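Reader: I'm new to this one. Can you put it up and walk me through it?

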Amino acid sequence: MAKKAKGGKTYRIAVLPGDGTGPEVVREAVKVMDAASEKYGFRTEKVHYDLGGERYKRTGEVCPESCVAELRGFDAILLGAIGHPDVKPGILEKGLLLKLRFDLDQYINLRPVRLFPGVDSPIKDKGPEHIDYAVVRENSGDVYTGVGGVTQKGTPNEVATQVMIYNRFQVDRCLRYAFEYARRYGKKARGKGEHNTLGLVGKTNVLTYVYDLWERAFHEMGDKLYPDVKRDYYHVDATCMWMVKSPEWFDVLVTGNMFGDIITDLAAMTQGGMGIAAGGNLNPEGVSMFEPIGGSAPKYTGKNVINPLAAICAMQMMLEHLGLDEAAKGVDAAVRKVTGTKLKSLAAGKMGYSTTEVGDLVAGMLA
Ligand code: IPM
Ligand code: MN
């Protein structure tokens, strides 16, 4: 049964198209969201925010505090991409993307890794039944906190540090989310395996403080609250190996911010690349932000060739997060039909369709 907007809850969505191809892909995601809202009977109010490299160049401002305050009032945020060829690396990333993640305390970065039908994985002989897991990346701590510094810069004695930092509170709240996620969306819960399994990805053989904390917290919480969820542990380097060799071993993985950043780019490639990979920056108690994992792809900007499916999948995650389960399932099925029966490739310019046509196809499959 499609969910009807009872008495009309209107979901307020902040739309941040951002830089490069961001606006083109977000337009298609909004198109599909509008088609879903029509079909499943929910309402949205969209407010666009002009943030990113162009605005920074014009005004010197990346993301004013007033903007962050406004964003707190939305039900969710949909982000396109940030990154501008004329802006020094770090300014927009820190000033906008990381600022929003931190200020809105979006402490989970959820990245599903699913190979859709019809999509070629670069891993030989692996199909949708093999590449079907999720990474829960901690999103508020680790080397991303900026603790560290530099002395004697520019001299032969220069010293630089950037500290991997975690407290028990951050680790526990991330693990709690990951266990709950495994219980609800693990392979057993989805009828695809005997267990719901949560795998901790760490480096306990070298990072004997930080990942020791993670490992103890993981088993304490598992023993006490989640005895039904099977637990595994993998070193991060071995994880990379198995993500290529035997991705079917994985169900739900949980890890710190830096390892999570790195392994999810590898994972994205195994599921067909940046054209399809999406993620959610979640604050389960606050406002969450959904984004395609890929960057702003400046060389494709304005050409109507970029693949909008990652943005559409990010929007799909947003619907699921908002509790619009039927609509989320509908969009997921429509995307699968489009990859399975229409697209020649997921790569920009090689899809056999333009950006707008791919959006039309997904919206059309929903009708
Ligand atoms: C990501 C990106 C960001 C990160 C960058 C742009 C700061 O790589 O979302 O994975 O490192 O988290
Ligand atoms: Mn990354």
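This is a predicted model: local features need pLDDT of at least 70, side-chain atom pairs count only at pLDDT 80 or more; totals for chains, interfaces and linings use all residues.

Reader: Which side chain does Asp-132 meet in a salt bridge?

Author: Asp-132 meets Arg-190, at 3.1 Å from N to O. That pair links distant parts of the chain. Asp-132 sits in strand β5, residues 132–138. Arg-190 lies in the loop between α5 and β8. The two are 58 residues apart.

Reader: And is Asp-132 buried or exposed?

Author: Buried, because its relative accessibility is 5% and the cut-off for buried is under 20%. Arg-190 is partly exposed, with a relative accessible area of 26%.

Reader: How many salt bridges does the structure hold?

Author: It holds 26. Another of them joins Lys-124 and Asp-125, at 3.7 Å from N to O.

Reader: Are Lys-124 and Asp-125 buried or exposed?

Author: Lys-124 is exposed, at 69% relative accessibility. Asp-125 is exposed too, at 65%. The cut-off for exposed is over 50%.

Reader: What about Arg-231? Which residue does it form a salt bridge with?

Author: With Asp-223. Their closest N and O atoms are 2.8 Å apart. Arg-231 counts as partly exposed at 24% relative accessibility, while Asp-223 counts as exposed at 55%.

Reader: How do the lining residues divide into nonpolar, polar and charged?

Author: There are 16 nonpolar, 2 polar and 12 charged residues in the lining.

Reader: Which domains does the lining draw on?

Author: Domain 1 and domain 2, with at least three residues from each. Domain 1 covers 9–106 + 279–367, and domain 2 covers 121–271.

Reader: Back to α5. What about Val-171 in that helix?

Author: Val-171 is found in α5, and counts as buried at 0% relative accessibility. The C-alpha atoms of Val-171 and Ala-217 are separated by 7.3 Å. Along the chain, those two residues are 46 residues apart.

Reader: Now zoom out. How many helices and strands does the chain have?

Author: It has 11 helices and 12 strands. The radius of gyration is 20 Å, close to the 21 Å that the globule rule gives for 367 residues, so the chain is as compact as a globular protein of that length.

Reader: And what does the C-alpha trace span along its principal axes?

Author: About 55 × 55 × 45 Å.

Reader: Last one. What percentage of the residues is buried?

Author: Buried residues make up 53% of the 367 in the chain. Val-171 and Asp-132 both count as buried.

Notes:
Residues are numbered from 1 along each chain as its sequence is written. Chains are lettered from A and ligands numbered from 1 in the order in which they are written. Side-chain values use heavy atoms; hydrogens and water are left out. Ala, Val, Leu, Ile, Met, Phe, Trp, Tyr, Cys and Pro count as nonpolar, Asp, Glu, Lys and Arg as charged, and the others, Gly among them, as polar. Domain bounds come from an automatic or database domain assignment. A salt bridge is a side-chain nitrogen of Lys or Arg within 4 Å of a carboxyl oxygen of Asp or Glu. Buried means under 20% relative accessible area, exposed over 50%, partly exposed in between (1.4 Å probe, protein chains only). Helices (H or I, at least four residues) and strands (E, at least two) are DSSP runs, numbered from the N terminus. The radius of gyration is taken over C-alpha atoms; the globule rule is 2.2 Å times the number of residues to the power 0.38.
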